[in-house]
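This report describes the fold, cores, ring pairs and disulfides of one protein. The sequence and structure come first.

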Amino acid sequence: MPSRPHRMPSRARRALLPLVLVAALAGCAAAAETLPTPGATLPASPVAPTTLAVVTDVGNCDEGSARVADMVDGWAPEAIVTAGDNTQGTEGCTPYTDSVDDYYGEYVRDPAGPRFWPALGNHDHENKGAGLAAYLAYFDYLSADDDPQRRWYDQQLGPVHVFVLDSEASEADLAAQRTWLRGALATARSAEPRTWNVVVFHRPAHSSGSHGPFEPMSEAAGWDYRGWGADIVLAGHQHLYEDVVVDGLHHVTAGVGASEIARPCPDTLVDGSRRCVDGPGALRLTSTPATLLLEYHQPVDGGSTVADVITLTR
């Protein structure tokens, strides 16, 4: 059994933080010397963007897993969302306690509250040592407000409202999720018109990947994502990155968070496919109430390269 790649603890990677704080405090002191006149009208402060990361098909405990996790950690995201398969059933890579905790554990156990929001994938349901009970034992903070078994839920993350579904559910439970999603999106659109509504699940409804599109999550099966108020749909499962545009809505397969399981893009792409990229990486989402920027980053020599960009504005 190969040994897992070592990851430097985040606190070591952030050893320069005190120097940054000193510089910031010095800047604050300088600003304090020029206070505004009492009663003066101040200009509106710009909204600080929120940075999120989306990873999918992680949990292989290989070199690519470590490189993607280090890249994501370098963004200092407010939260991480997954599109399923938080374990791959790899020998020696125990579901969740190794496959997630070794790479993203600090986001799961943040003292201020969890910052890791997973979706279920087929490996989460089926792998030895995984299954719903083990998944919920590790992610014990997931809400049961919408589903008593905590398989689907929603979470507000700054200007982004994430709606997480379980594409592995039975036909009856998929129907229950359709009803829930339609109502939840309508409520969100009415209450939070400037929030970006992002729908996340594992098996993509539109994809050129080797598994093909997953019809039970498609519009033909009754999922009117755009009509209900979704701004974008994110999925995983195919172990590649792809953006397929259907009736103006981006259906993004969010890549692969490990290297040994990455798959190449096929020679023939489905209708609407505007970009396909193979190789490990992660999505970086930068959002304000006016803009949602999605970038597919891939780790390269301690840094990263941007392989695709999607920009939504309102």
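The text below goes from overall figures to individual side-chain interactions.

The model is predicted, so local features need pLDDT of at least 70 and side-chain atom pairs count only at pLDDT 80 or more, while totals for chains, interfaces and linings use all residues. Residues are numbered from 1 along each chain as its sequence is written, and side-chain values use heavy atoms, with hydrogens and water left out.

**Overall figures**

The protein has 8 helices and 13 strands; these are DSSP runs numbered from the N terminus, with helices (H or I) of at least four residues and strands (E) of at least two. Of its 314 residues, 51% are buried, where buried means under 20% relative accessible area, exposed over 50% and partly exposed in between (1.4 Å probe, protein chains only). The accessible surface is about 14200 Å², and carbon and sulfur atoms account for 55% of that area; the areas come from the Shrake-Rupley method with a 1.4 Å probe, and for residues only the protein chains shown count as cover. Taking contacts (heavy atoms within 4.5 Å) between residues at least 6 apart in sequence, 68% join residues at least 24 apart.

**Nonpolar cores**

A nonpolar core is a set of buried Ala, Val, Leu, Ile, Met, Phe, Trp, Tyr and Cys residues joined through side-chain atoms within 4.5 Å. The largest one holds 57 residues, and the members touching the most others are Val72, Tyr104, Phe139, Leu234, Leu283 and Leu292. Helix H3 (residues 63-74) supplies the largest share of this core, 5 residues. Beyond its neighbours within four places in sequence, Val72 contacts Ala53, Val55, Pro77, Ile80, Tyr104, Tyr107 and Ala282.

**Aromatic rings**

The whole structure contains 15 aromatic pairs. Rings of Phe, Tyr and Trp (its six-membered ring) pair if their centres lie within 6.5 Å; planes under 30 degrees apart count as stacked, over 60 as edge-to-face and the rest as tilted. Two stacked pairs are listed here.

| Pair | Centre distance | Plane angle |
|---|---|---|
| Phe116 and Phe139 | 5.8 Å | 5° |
| Phe201 and Tyr225 | 6.0 Å | 20° |

Phe116 lies in strand S3 (residues 116-117) and Phe139 in the loop between helix H6 (132-138) and strand S4 (153-157), so the pair ties together parts 23 residues apart in sequence. Both Phe116 and Phe139 are buried. Phe201, in the loop between strand S6 (196-200) and helix H8 (225-228), is 24 residues from Tyr225, which lies in helix H8. Phe201 is buried at 0% relative accessible area, and Tyr225 is buried at 0% as well. Ring pairs also link Tyr96, Tyr104, Phe116, Trp117, Tyr135, Tyr138, Phe139, Tyr141 and Tyr153 into a cluster.

A charge sits over a ring if NZ of Lys or CZ of Arg is within 6 Å of the ring centre and within 35 degrees of the ring normal. Arg203 has its charged end over the ring of Phe214, 5.4 Å from the centre, and Arg314 lies over the face of Trp196 at 3.7 Å from the ring centre.

**Disulfides**

There are 2 disulfides, each a pair of cysteine sulfur atoms within 2.5 Å. Cys61 and Cys93 are joined with an S to S distance of 2.0 Å; the torsion about their S-S bond is about 60°, so this disulfide is right-handed. Cys265 and Cys276 have their sulfur atoms 2.1 Å apart, and with -95° about the S-S bond their link is left-handed. Both Cys265 and Cys276 are buried.
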